[in-house]
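Here are some friendly notes to read alongside the model. They go through the strands, a helix, the pockets and a cavity in turn.

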Amino acid sequence: VKGLDEQLNGGIPKGHVVLLAGKPGTMKSSIAYSILYNNALKEGKKGIYMTLEQERGSLLEHMAELGMDHIAVENLVNIVDMGYLKSNVDTSEEGQSWMRIFKMYAENIQASTDFEILVADSLPAIEVMADVKNKRAELFRFFGWLRDLGVTVFVISEDSREGSLNRDEDFLCDGIIHLDLKRDDNNVNLFLGVAKMRKSNHARGYFPLIFDQEGFEVVLD
């Protein structure tokens, strides 16, 4: 994302668990995939996108429409359709909880590909599908597991607020990139702000976020 490294005074620290939060329609999934796509295309970094919100084919079709053809990075970026797996995996056996299966797939792929970036789409879907009873305790364990993977993680989350910190996940994560929509006459404009980023002296404001044939860009001036 052009301009984001500058806003973060150098970039997202390696190994951080970052929430990518915002209202519906703020292109959270597109930005997350774009991060995987461009790191693979330009830096040769391996990544994994674990989707529970959108089936694999639909996701890739949408990204191709945005100019990000998965064929260009298919050897480096792995797309895992967790919704499909859930409908085809029996979790009735003892110890086979949905969260356990989610973690198992991520760990197995990490062992075979040694990926550096993980996207989990999305936190609300994970909570629903895992039938979380004690949210605070489950989130504490989940974020601890994500951090123990030793990779940079982006967790997509719905959030209608402007980056205020009062949810359990806000305190558990290392960073929050917040996306917002603002209406101006007949136009709807995107804005991006970094509400939190440990180990980074980042800017605190919200900046316009644009998308064109060159990809996403944070307009700092």
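1. Two strands are taken to pair if DSSP finds at least two bridges between them. Helices (H or I, at least four residues) and strands (E, at least two) are DSSP runs, numbered from the N terminus. With that in hand, β4 and β5 run parallel and are joined by five bridges, and D121 stands opposite I156 in β5. Strand β2 (residues 47–51) is also joined to β4 by five bridges, again in parallel, with A120 of β4 as the bridge partner of M50.

2. Before going further, please keep in mind that this is a predicted model, in which local features need pLDDT of at least 70 and side-chain atom pairs count only at pLDDT 80 or more, while totals for chains, interfaces and linings use all residues. Residues are numbered from 1 along each chain as its sequence is written, and side-chain values use heavy atoms, with hydrogens and water left out.

3. Back to β4. Buried here means under 20% relative accessible area, exposed over 50%, and partly exposed in between (1.4 Å probe, protein chains only). Five of the five residues of β4 (residues 117–121) are buried, so the strand is largely enclosed by the rest of the structure. I117, V119 and D121 point one way, and L118 and A120 point the other way. In a regular strand the side chains alternate between the two faces of the sheet.

4. Helix α3 is worth a look next. Its buried residues include L59, L60 and M63. They cover an arc of only 90 degrees around the axis, which puts them on the same side of α3; the arc is that of the directions from the helix axis to the C-beta atoms. The buried residues of α3 pack against α2, β2 and β3 (77–81), where contact means heavy atoms within 4.5 Å. E61 and E65, both exposed, sit on the face turned away from the buried side. After α3 comes G67, with a positive phi near 90 degrees.

5. Now the open spaces. On a 1 Å grid over the protein atoms alone, a cavity is a set of points where a 1.4 Å probe fits but cannot get out, and a pocket is an open set with protein on both sides within 12 Å along at least five of seven lines; lining residues have an atom within 4 Å of a point. Grid points are joined across faces, edges and corners, and a volume is the space filled by probe spheres set on the points.

6. The largest pocket has a volume of about 830 Å³. Its lining has 29 residues, with V1, D5, I35, N38 and N39 nearest the centre. Helix α2 gives the most to this lining, with eight residues. The lining divides into twelve nonpolar, eight polar and nine charged residues; Ala, Val, Leu, Ile, Met, Phe, Trp, Tyr, Cys and Pro count as nonpolar, Asp, Glu, Lys and Arg as charged, and the others, Gly among them, as polar.

7. The second largest pocket has a volume of about 200 Å³. It is lined by 15 residues, and M27, K28, S29, Q54 and D121 are the closest to its centre. Here too α2 supplies the largest share of the lining, three residues.

8. Which residues line the largest cavity? They are M99, L123, I126, E127, V132, E138, L139 and F142, around about 40 Å³ of space. Helices α6 (123–129) and α7 (135–148) each give two or more residues to this lining.
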